[in-house]
Amino acid sequence: MKYFVSIFVSLILSNSVLAASLTEEAVSRGVNPNCITHLNNIEKSFGLNGLNVTFAKPEETKTHPSLHTSTKHFNNGATIFSSTLFPNGESCDVSIVLSTIINNQSCDDITQSRIAADATLKVTKYAEGTYTHIYPESNAYQLVLVVTGEQSCAMTESRMMWLGN
């Protein structure tokens, strides 16, 4: 077992770079320039400034997908951002997953807050309220809330964007 853990840690360290920003990491790795532009916009939009890690295929960074993660700790939880950038000719396709663990607010409170901000959102509950699925009519994103305690909630937002020039 130690052997597999050692290999896993070695792979992570050899395939990742820690830098001041996700965009800086992408540039240092030689990621596709069109994708870097989108990553920079995403990074600014989400206000990402945690522990950043980038994975890219060393030999072909401009033509293969790259994975970018940013993790930030808060006094009441943590946020884990992940984006995969897919070079697509002169454009870049992007998938985003943002997971947040909140330790002092219930999923019902978060749902009510989201609905108050946008009354057009669709809400469906499953498994006696353990899971809440929230999404706009446009299906631009999907938000899933999972009850993790009486006053705690895990929230995951997923998006896929096909960005042309």
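Predicted model: local features only at pLDDT ≥ 70, side-chain atom pairs only at ≥ 80, totals over all residues.
Numbering runs from 1 along each chain as its sequence is written, and side-chain values use heavy atoms, leaving out hydrogens and water.

There's one aromatic pair in the structure. Phe46 and Phe81 make it, tilted at 50 degrees between the planes and 5.4 Å centre to centre (Phe, Tyr and Trp rings, the six-membered one for Trp, pair with centres within 6.5 Å; under 30 degrees is stacked, over 60 edge-to-face, the rest tilted). The pair links distant parts of the chain, with the partners 35 residues apart. Elements here are DSSP runs numbered from the N terminus: helices are H or I with at least four residues, strands E with at least two.

For burial, buried is under 20% relative accessible area, exposed over 50%, and partly exposed in between (1.4 Å probe, protein chains only).

| Residue | Relative accessible area | Class |
|---|---|---|
| Phe46 | 28% | partly exposed |
| Phe81 | 0% | buried |
| Trp162 | 62% | exposed |

Trp162 sits in strand E8 (residues 152-163).

Now for helix H4 (residues 107-117): its buried residues are Cys107, Ile110 and Thr111. They span an arc of only 100 degrees around the axis, so they lie on the same side of H4; that arc is taken over directions from the helix axis to the C-beta atoms. Gln112 and Ala116 are exposed on the other side of H4.
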